[in-house]
Amino acid sequence: MNSEFCINVACSTNRLANHSRLSAVETIFSSEKMLSGGLRTRNSFKSSNENNPLITIVTVVYNGVEFIENTIRSVIGQKCDNVEYIIVDGASTDGTLELIKKYDNEIDYWISGKDSGIYDAMNKGISLSTGKWVNFMNCGDTFISDTVLSEMNYILKSYNHSIVSGNVRIVSREGVFTGLKHPYAGSDYNQLLAYNCVAHQACFVSKTVYDLLDGFESGYKIHGDYEFWIRAMISSIDLIYVDKDIAFFSNDGISSNRKNVPIAIRERYYILNKYGLMTSVGSKAYTFCSITYYYIKTFIRFLINRKF
């Protein structure tokens with residue numbers, strides 16, 4: 001690859017880039033059939049310091065050509081200086097990779113290859129990150145403004161080995177704000193047990209926490225993040241809530257698909273039982289009742305909307 005490339009210092013990912021030797025993180029997946037690119041392939045890297053901690057943003061995507069560019073532009077358009085951007089693509093076939101390559105000089109590192117699911121892809125992103133803090137802004141989601149990371153950078157200086165969580169505004173597939181936010185009343189571990197009150201788009205996790213807990217359990221389809229928050233709680237990791245809107249969260253994702261509700265219910269109560277937070281009998285009872293209620297509600301909705 002040609003070592004001559006144009007740096008656009010208007011992008012958040014380029015202002016504090018420096019040139020150094022090839023990093024070991026670049027070769028983590030070299031044994032796999034992966035395509036890769038970005039600033040690291042030109043020996044351009046970031047560093048973190050106490051006064052200006054490096055924030056890593058990870059985007060996971062598979063066949064997201066319709067939305068990926070908005071997410072990319074939301075990240076590289078941040079006014080924050082010290083931003084590292086990683087994209088993990090699951091071997092898309094719809095033109096997503098071509099759009100990623102369009103921003104090759106603004107993305108720190110991207111890889112494209114098959115994975116075993118969203119949480120496997122997210123773990124790859126964590127492994128590739130070098131920032132003090134990691135945020136997942138997955139395909140279709142965007143920051144609420146171009147100053148969010150600058151504001152969070154200031155807040156994060158007060159914390160170290162922890163999880164700092166804010167709010168997301170829920171938007172439709174067309175990007176229209178639905179009027180709903182998540183979480184509805186703050187985030188703490190008591191509320192976490194009641195419902196999944198932590199949105200990873202609005203969450204900044206210390207890299208040391210991900211390392212300590214060994215990332216996400218990749219076997220889950222919907223609630224791998226919920227399982228991670230539960231393990232963090234059991235491990236006495238601080239969960240700090242800041243009442244600040246961080247991102248727009250698209251309700252068009254896999255976790256928002258109504259067809260996946262039964263899977264999400266089963267995973268959630270399985271997790272609570274797995275960590276001794278609910279008995280086996282209680283887990284099975286809640287799973288049965290919740291799924292039954294879902295199907296009844298779905299049937300009633302079908303009858304109401306049916307055209308006779």
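Colleague: Is His182 buried or exposed?

Modeller: Buried means under 20% relative accessible area, exposed means over 50%, and partly exposed lies in between, with a 1.4 Å probe and protein chains only. His182 has a relative accessible area of 16%, so His182 is buried. This is a predicted model in which local features need pLDDT of at least 70 and side-chain atom pairs count only at pLDDT 80 or more, while totals for chains, interfaces and linings use all residues. Residues are numbered from 1 along each chain as its sequence is written, and side-chain values use heavy atoms, with hydrogens and water left out.

Colleague: In which strand is His182 found, and with which residues is His182 in contact, leaving aside its neighbours within four places in sequence?

Modeller: Helices (H or I, at least four residues) and strands (E, at least two) are DSSP runs numbered from the N terminus, and His182 belongs to strand β10, residues 177-182. Contact means heavy atoms within 4.5 Å; with neighbours within four places in sequence set aside, the contacts of His182 include Gly166, Asn167, Val168 and Ile170, as well as Tyr195 and Cys197.

Colleague: Which residues of helix α4 are buried, and where do they fall when seen down the axis?

Modeller: In α4, which covers residues 148-156, the buried residues are Val148, Leu149, Met152, Asn153 and Leu156. Seen down the axis of α4, these buried residues fall within an arc of 130° (the arc of the directions from the helix axis to the C-beta atoms), so they line one face of the helix.

Colleague: How many residues of helix α3 are buried, and what do they pack against?

Modeller: Nine of the eleven residues of α3 (residues 118-128) are buried, so this helix is largely enclosed by the rest of the structure. Among them are Tyr119, Met122, Ile126 and Leu128, and the buried residues of α3 pack against elements including β4 (55-61), β5 (83-89) and α6 (207-213).

Colleague: What span should helix α8 have?

Modeller: The expected span of a helix is 1.5 Å times one less than its number of residues. For the 14 residues of α8 (residues 261-274) that should be 20 Å, and the end C-alpha atoms are 20 Å apart, which agrees. The buried residues of α8 pack against α5 (189-194), α7 (224-234) and α9 (280-305), and α8 is followed by Gly276, whose phi is positive, near 70°.

Colleague: Where is Ser47 placed?

Modeller: Ser47 sits in the loop between β3 (44-45) and β4, and at 43% relative accessibility Ser47 counts as partly exposed. Ser47 and Gly131 are 84 residues apart in sequence, yet 7.5 Å apart in space, C-alpha to C-alpha.
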